[in-house]
Amino acid sequence: MGFLESIVAFLMSFCMIFTGFMDAGTPEASPSVELVKEEKLVFTDAMYAGQGITTDGKYYYTSGSLTALGVAGLAKWDAKTMQCVAKNDDAIPSEYKKIYNSDHIGGISYYKGKIYAAVENDAEDFPLVVTYDAKTLKPIKTYII
């Protein structure tokens with residue numbers, strides 16, 4: 001994606017998010033799952049929560065990307081207050097950005113103190129799984145798939 005296309009994509013995304021045009025709709029739960037909480041995150045918080053979510057029971061962990069700006073982030077939210085307690089604005093390790101052009105964090109999962117994140121590039125030809133420390137949101141290890 002060229003510079004001009006990136007600027008146009010950013011401006012369109014900003015306008016849609018700012019005006020509320022990009023409404024996620026009404027959340028639905030699977031028949032065996034009960035919806036217990038609904039929260040809305042807007043504007044800058046959306047870059048940390050637009051893609052994936054997981055929980056350890058005490059915190060929600062979210063992922064998001066604004067690929068037009070080269071931003072991929074993770075955030076940790078208190079499950080009771082929804083206050084952000086940690087963020088990682090540059091969550092994709094720089095060597096994978098440089099080598100594979102990795103620019104997008106997808107779905108995430110929590111297991112035994114770690115966050116497991118699917119990471120990919122624009123062409124989707126170099127998928128990675130990056131593990132993060134759930135306390136600090138810093139990368140621990142990367143697996144090339």
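Of the contacts in the protein between residues at least 6 apart in sequence, 36% join residues at least 24 apart. The model is predicted. The protein has 145 residues, and buried residues make up 30% of them.

The protein contains three helices and eight strands. Along the sequence, they follow the pattern α-α-β-β-β-β-α-β-β-β-β.

**Confidence**

How far does the predictor trust the model? The mean pLDDT of the protein is 79. A pLDDT of 70 or more is reached by 70% of the residues.

| Element | Residues | Mean pLDDT |
|---|---|---|
| Helix α1 | residues 3-19 | 57 (lowest) |
| Strand β7 | residues 128-133 | 94 (highest) |

Where pLDDT is low, predicted coordinates should not be read in detail. Helix α1 has the lowest mean value among the elements.

In which sense do strand β5 and strand β6 pair? The pairing is antiparallel, over seven bridges. Strand β5 covers residues 102-111, and strand β6 covers residues 114-121. Ile-105 stands opposite Val-119 in β6. Two residues lie between the strands of this hairpin. What phi does Lys-112 take in the hairpin? Lys-112 takes a positive phi, near 50°.

Key: Residues numbered from 1 in each chain as written. Predicted model: local features only at pLDDT ≥ 70, side-chain atom pairs only at ≥ 80, totals over all residues. Heavy atoms only, no water. Helix = DSSP H or I, 4+ residues; strand = E, 2+ residues; numbered from the N terminus. Buried < 20%, exposed > 50% of the residue type's maximum accessible area, 1.4 Å probe, protein only. Contact = heavy atoms within 4.5 Å. pLDDT = per-residue confidence, 0-100. Pairing = 2+ DSSP bridges.
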